[in-house]
Amino acid sequence: MRRTIAVLMVLVLGGCSQSATPQPATPSPAVPSPPAAEGALGAAPSAAASPSAAGPCTVFPADNVWHADVSKLPVSRDSAAWVASIGAAAKAHPDFGNGFGLPVTQVPAGQPKVKVTFQYADESDPGPYPIPKTARVESGGDRHVLVQDTAACRAYELFDAVLQPDGSWKAGSGAAYDLRSNTLRKSGWTSADAAGLPILPGLPRADEAAAGSIDHAIRFTAPKTRKAFIWPARHAASDAADAALPPMGARFRLKASVDISKFPPQARAVAQALKTHGAILADNGSPWYFSGTDDPKWSNTQLDALKTLKGTDFEAVDSSLLMVEPNSGRSRP
């Protein structure tokens, strides 16, 4: 995952509204964010942010952009170019299942916090983090560690995490989230993901599929991205200025015309989420690789049905119409 320390350029409109005709992008410089709001780590204060409150802990409020219904949004004018750049003929790939994917470690109330040392400390939320020695580390190059504390209703995410002999951790970057808040990270900041987004809300889980409903967008990767990011992303990870390349944060959906009725139950639940809530471009990687949890409850055989989908089955949407305020993840109904 490419990391860029300097604050990059951001498209001020926050939507998929640039012309599909290849031409230089015209982003405006990112403006330094105000100090973080109390209780919202690594975040800029926002009048539209939902305050923390007592009650059941969900992965962000119901009005958060990750939960938004994008099935009726207009197609972005850049859709054809962006799909072509990712791979019109490339097959979709569920990069999760039984034995692979992103593990999530649940920790109990009062989990002791430990020191975390960051390579990109200037764009990371400082520790300590409640990450146990037994926290599961993603296999592969990115070595993500995702910890969910449902008692405190917070999530802690690390990129390139390595456990140290004394029980502390070293990581490339890290972020902490109040799961009851809609406040976004500071503009220009990375997270444990290249787009500066949280990872946890973009992961389909086996228990959701078993219930027949995945109520959020899904994280995915593309081979090449532009040196730009659009709402709700906060960070770019590219040197390319080609407008035919998608920016971080671009939102896609599976076309309504794609027949998923014969998919097995788990694959059908994921595909329906891709139609209703779509997918958010969060990192550089293989084309149309969709993230999810590593869980023995997944059936890899069922998920294989998703591999019949291809790039032309997807379209980019104009998600700027959902934005209430640039520093908030709250979305319009």
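**Note on the predicted model**

1. Confidence first. This is a predicted model. The protein averages a pLDDT of 88, and 84% of the residues score at least 70.

2. Two stretches need care. Residues 1-41 have a pLDDT below 50. That stretch still has 110 contacts in the model beyond near neighbours in sequence. Over residues 43-53 the pLDDT also stays under 50. Here the model has 38 contacts beyond four places in sequence. Where pLDDT is low, the predicted coordinates should not be read in detail.

3. Now the sheet. Four strands form an open sheet in the order S4-S6-S7-S10. The pairing is mixed. Strand S4 (104-106) and strand S10 (173-178) are the edge strands, and each pairs on one side only. From one strand to the next, the twist averages 15°.

4. Take the pairing of S7 with S10. Strand S7 covers residues 154-159 and runs antiparallel to S10. The two strands share 6 bridges. For a landmark, look at Ala 155: its bridge partner in S10 is Tyr 177.

5. Next, Lys 227. This residue sits in the loop between strand S11 (218-222) and strand S12 (251-254).

6. One distance to check on screen. Lys 227 and Ala 241 are 14 residues apart along the chain. Their C-alpha atoms are separated by 5.8 Å.

Notes
Residues are numbered from 1 along each chain as its sequence is written. This is a predicted model: local features need pLDDT of at least 70, side-chain atom pairs count only at pLDDT 80 or more; totals for chains, interfaces and linings use all residues. Side-chain values use heavy atoms; hydrogens and water are left out. Two strands pair if DSSP finds at least two bridges between them. Axes are lines fitted to C-alpha atoms, for helices over the stretch in contact, and angles run from 0 to 180 degrees between N-to-C directions. pLDDT is the predictor's confidence in each residue, from 0 to 100. Contact means heavy atoms within 4.5 Å.
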